[in-house]
Amino acid sequence: MHNRSKIDRIFRQQDFAACDSSADCVYGYAESMAILENCVVVVSDLKYGTSRIFNGGFSATLGLSGTYRENSIWEKEILDRMTDDERDMKYIAELRFYNFLCHMPSQRRRNYYMAANLRMMTDGGMLIDVMHRMFYWHEGSSDAVRYGICVYGPSVFSLPAKSVAVDAVTGQWHELSALSDDKILTARQKQVLCLIARGLTSIDIAQTLSISRNTVSRHRQEILAKLQVSNSMEACRRAKQLNII
């Protein structure tokens with residue numbers, strides 16, 4: 001739960017100026033997809049920190065029903081059907097996808113969605129394979145991610161990797177693996193984070209690297225944003241989990 005709330009805050013720090021024009025379109029799309037594909041579709045409003053869940057036919061397998069809202073961008077009833085390890089892998093996959101898009105020219109980001117294989121518990125207590133797809137809806141002059149759209153359905157084919165970023169225009173895909181984790185932080189940010197992990201203060205880090213304290217503070221904030229955490233302790237834990245440091 002604590003990881004979800006921290007990532008929630010990171011997303012809500014975006015510039016959401018002029019991002020209020022497409023709600024009807026997004027929710028209408030989600031409802032139609034749930035009906036046509038018999039899947040579960042979750043629309044997370046990253047500006048207001050809420051979610052709306054549309055349950056298609058597959059929802060009965062998971063013991064879900066109806067359309068409802070949550071005061072969180074995370075779909076609790078769905079996440080509760082995963083083990084702790086599976087949820088953590090979901091967060092890591094989404095983190096990798098987010099950072100993959102950050103390195104992409106803004107005009108190409110809309111071409112991509114994430115696909116991942118998950119294991120979830122059915123209403124009868126059985127573990128089944130579930131296909132998870134995630135789309136970002138960008139808005140405003142800042143190209144902020146206003147909505148995250150997650151789609152859950154039965155796995156009917158195997159992915160080439162545990163999680164991939166798919167170019168819906170060309171059909172090309174990129175594996176979201178540990179090999180790409182090293183690109184999340186710059187070399188200097190890794191240096192700063194390694195020193196943070198050793199317990200050094202910002203003043204100590206500034207002296208060690210011969211940079212200003214303000215520069216250290218800027219690196220700290222960029223590290224938290226890129227790793228989608230809210231404090232240095234969590235940043236160190238997440239970076240070690242991804243084998244960045």
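## How H8 passes its partners

Helix H8 passes helix H11 in a left-handed crossing (the near helix is turned anticlockwise from the far one by less than a right angle; clockwise would be right-handed). This is a predicted model, in which local features need pLDDT of at least 70 and side-chain atom pairs count only at pLDDT 80 or more, while totals for chains, interfaces and linings use all residues. Residues are numbered from 1 along each chain as its sequence is written, and side-chain values use heavy atoms, with hydrogens and water left out.

The axes of H8 (residues 187-197) and H11 (residues 232-241) come within 10 Å and cross at roughly 110°. Axes here are lines fitted to C-alpha atoms, for helices over the stretch in contact, with angles from 0 to 180 degrees between N-to-C directions. The two helices are therefore roughly perpendicular (65 to 115 degrees; under 35 is roughly parallel, over 145 roughly antiparallel, and the rest oblique). From H8, Leu193, Ile196 and Ala197 meet Ser232, Ala235, Cys236 and Ala239 of H11 (contact means heavy atoms within 4.5 Å). By class, six of these residues are nonpolar, one is polar and none is charged.

Arg188, Gln191, Val192, Leu195 and Ile196 of H8 make the contact with Ile205, Thr208 and Leu209 of H9. These residues divide into five nonpolar, two polar and one charged.

## The nonpolar cores

The largest nonpolar core has 37 residues, of which Ile78, Phe97, Phe100, Met120, Tyr136 and Tyr152 touch the most other members. Such a core is a set of buried Ala, Val, Leu, Ile, Met, Phe, Trp, Tyr and Cys residues joined through side-chain atoms within 4.5 Å. Strands S1 (40-45), S4 (112-121), S5 (127-139) and S6 (144-154) and helices H4 (76-79) and H5 (84-102) each supply at least two residues. H5 gives the largest share, six residues. Another core, of 23 residues, lies apart from it and includes Leu95, Ile184, Ile223 and Ala239.

## His132 in strand S5

Strand S5 holds His132. At 0% relative accessibility, this histidine counts as buried (under 20% relative accessible area, with a 1.4 Å probe and protein chains only; over 50% is exposed, and in between is partly exposed). Leaving aside neighbours within four places in sequence, His132 is in contact with Lys90, Glu94, Met114, Ala115, Ala116, Leu118, Cys150, Val151 and Tyr152.

Definitions and conventions:
Helices (H or I, at least four residues) and strands (E, at least two) are DSSP runs, numbered from the N terminus. Ala, Val, Leu, Ile, Met, Phe, Trp, Tyr, Cys and Pro count as nonpolar, Asp, Glu, Lys and Arg as charged, and the others, Gly among them, as polar.
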